[in-house]
Amino acid sequence: MTGLRYVYAVCRPFGTPLQAQLTGVAGDPPRLVPHHDLVAVVSHVPEEDFAEEPLRAHLEDLDWLTAVARAHQGVIDALTTVTTPLPLRLGTVFRDDSGVRSMIEEREENFLRRLDRLEGRVEWGVKVFLEPQNEPEQASAPEPAAMSGRDYLRRRRQQTRSREDQWQRAETFATRLHGTLAGFAEDSRLHAPQNPTLSGARGRNVLNAAYLVPRSESEQFVEQVDRTKDDAPGLRVELTGPWAAYSFAGEENTGEENTGEEGS
């Protein structure tokens, strides 16, 4: 099959085969492009969709982007079961195998150093939400039909204090939880709270964090999170993972790839 080379990740050579039925972006099965002590995991994608100009246009199409992201993540998930991948940015495309090998050549030392750091480790995500029924704006009773100005102001002050108290308790819990989990993990990252309109998640996101944990210690990490869930009435603790270590791969592995014309 001809086409551009879509690159999912860079990793060390591994002997365990990927799932036989695994397909990647545009339905093409992933394959390996070796270079020295590294391999790039790639698949073929059509130039009419992934060359620089059409790709830029496609990135404005949410449905198209979602389908690509799902296929991209599927390959990364499969890699995570057999090796330690260093994920590259969504939409990383090169003209041919030679362009992929040139990219590895230029950044080989950096890739090896980061793979050494991530070897045998996975990423876990932890989020804390203030449940909607506990947010004062949604929980407050309807205003009485007749209320004096003084009573109205008193009621609004009470609602404001209640809202501030609940948010303060939520933030205190989230800060304490993050401190505990960060102490358990080898590294951690605090991400910006999720926008509920975009994420579709219920409630106000108070904590959105990632933790780098040795695979061998993941069970203890999960137990650590589970022990906190009954300590926070009105809050919801969500655990996701294990993932490839996206949050710890470093900007050098996620921000420099070009599209379409690279390696031509």
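Two strands pair if DSSP finds at least two bridges between them. With that in mind, welcome to a quick tour of this predicted model, starting from a bridge between Val-10 and its partner in S3, Ala-40.

**Strand S1 and its partners**

- Strand S1 covers residues 4–11, and eight of its eight residues are buried, so the strand is largely enclosed by the rest of the structure.
- S1 and S3 run antiparallel and are joined by seven bridges; one of the pairs sets Val-10 against Ala-40 in S3.
- S1 also pairs with strand S5 (residues 93–94), in the antiparallel sense and over two bridges. Here Arg-5 stands opposite Phe-94 of S5.
- Strand S4 (residues 86–87) is another antiparallel partner of S1, again with two bridges. Ala-9 has Pro-87 in S4 as its bridge partner.

**A closer look at His-44**

- His-44 belongs to strand S3, which spans residues 38–45.
- Is His-44 buried or exposed? His-44 counts as buried because its relative accessible area is 9%, and buried means under 20%.
- Between His-44 and Val-93 there are 49 residues of sequence separation, while their C-alpha atoms lie 9.4 Å apart in space.

**The largest pocket**

- The space in the largest pocket comes to about 210 Å³.
- Which strands each supply at least two residues of its lining? They are strand S6 (121–130), strand S8 (204–214) and strand S9 (235–243).
- Lining residues include Glu-123, Lys-127, His-191, Asn-208, Thr-240 and Trp-243.
- By class, the lining of the largest pocket holds three nonpolar, six polar and two charged residues.

**The second largest pocket**

- This pocket has a volume of about 170 Å³.
- Its lining is made of 13 residues, and those nearest the centre are Gln-166, Arg-169, Ala-170, Pro-233 and Leu-235.
- Helix H6 (residues 149–184) gives the most to this lining, namely six residues.
- Six nonpolar, four polar and three charged residues make up the lining of the second largest pocket.

**The enclosed cavity**

- Rolling a probe the size of a water molecule over the atoms shows where empty space is left.
- How many cavities of 30 Å³ or more does a search of the whole structure find? The search finds one.
- The largest cavity has a volume of about 30 Å³.
- Around the largest cavity sit Thr-80, Thr-83, Thr-84, Pro-85, Arg-121, Arg-215, Ala-244 and Ala-245.
- This cavity lining divides into three nonpolar, three polar and two charged residues.

Technical notes
Residues are numbered from 1 along each chain as its sequence is written. This is a predicted model: local features need pLDDT of at least 70, side-chain atom pairs count only at pLDDT 80 or more; totals for chains, interfaces and linings use all residues. Side-chain values use heavy atoms; hydrogens and water are left out. On a 1 Å grid over the protein atoms alone, a cavity is a set of points where a 1.4 Å probe fits but cannot get out, and a pocket is an open set with protein on both sides within 12 Å along at least five of seven lines; lining residues have an atom within 4 Å of a point. Grid points are joined across faces, edges and corners, and a volume is the space filled by probe spheres set on the points. Helices (H or I, at least four residues) and strands (E, at least two) are DSSP runs, numbered from the N terminus. Ala, Val, Leu, Ile, Met, Phe, Trp, Tyr, Cys and Pro count as nonpolar, Asp, Glu, Lys and Arg as charged, and the others, Gly among them, as polar. Buried means under 20% relative accessible area, exposed over 50%, partly exposed in between (1.4 Å probe, protein chains only).
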